[in-house]
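Please look at the aromatic side chains in the model shown here and work through the questions that follow.

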Amino acid sequence: TGVVPPANLGTGSASSSTVLYGDGTFKSEPGGAHTLLATQNAADDTVIEFLADIDSTYRTYLVTINNLIPETDGTVVSVQIYVAGAYKTDSYYNYANNVVTSGGSHEAQANKTDDHFRLHGETVGNGTGENFNGEIKFWTPSDTTERKFLQWNNCFMRTDGEAVQITGAGYYNNGEAAFTGLKIYMDSDNITSGQFKLYGVV
């Protein structure tokens, strides 16, 4: 009976931040499938930008959007990618959205020649309790041989109070250059508030 000294259990340093592995060694606690790279909190911002940490370190990246509230009612959350030191603003964004509402409507919204990715078909409200939440995933941004795809899954309350669920995807259709950043913005006015996080996916 009694307490067994950590040194009798394994090698390495036993502490509140280490765990005992099957090989008999104390090591740092393992991380999860997602590594947090950056966090931004909007405060009446024109854009939210991630211009660091997007490189060849991970093959998959994830951006989460939590409780985005737009300054202006009935606006659209948009994304542009950053390539060779500048945002791509030309009309080569090719995307498709599948829209389902709590009112029972089911529709598609798509564009082959837009100057941004539109993350949803309906517009976002900014009344009491209204907000936008979602995720954006993308792959191998540093690759220079393939087109760059983004995929998103979002939910929000539109201006008439109906719940909206969106799944969508798209790619930039003018070259295979690496992209090293992206920005999230409303098609009109600012982002009043919201939290945005960038993860590398293991």
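Q: Are both Phe 117 and Trp 152 buried or exposed?
A: This is a predicted model, in which local features need pLDDT of at least 70 and side-chain atom pairs count only at pLDDT 80 or more, while totals for chains, interfaces and linings use all residues. Residues are numbered from 1 along each chain as its sequence is written, and side-chain values use heavy atoms, with hydrogens and water left out. Under the cut-offs for a 1.4 Å probe and protein chains only (buried under 20% relative accessible area, exposed over 50%, partly exposed in between), Phe 117 has a value of 1%, and both Phe 117 and Trp 152 are buried.

Q: How many aromatic pairs does the structure hold?
A: Rings of Phe, Tyr and Trp (its six-membered ring) pair if their centres lie within 6.5 Å, and planes under 30 degrees apart count as stacked, over 60 as edge-to-face and the rest as tilted. One of the pairs is edge-to-face, formed by Tyr 93 and Phe 117 with 4.8 Å centre to centre and 90° between the planes. In total, the number of aromatic pairs in the structure is ten.

Q: Which residues do ring pairs link into a cluster with Phe 117?
A: Phe 117 and Trp 152 form a tilted pair, with 5.7 Å centre to centre and 50° between the planes. Ring pairs link Phe 117 into a cluster with Tyr 92, Tyr 93, Trp 152 and Tyr 172.

Q: At what distance from the ring centre of Tyr 87 does Lys 183 lie?
A: A charge sits over a ring if NZ of Lys or CZ of Arg is within 6 Å of the ring centre and within 35 degrees of the ring normal. Lys 183 lies over the face of Tyr 185 at 5.3 Å from the ring centre, and over the face of Tyr 87 at 4.6 Å.
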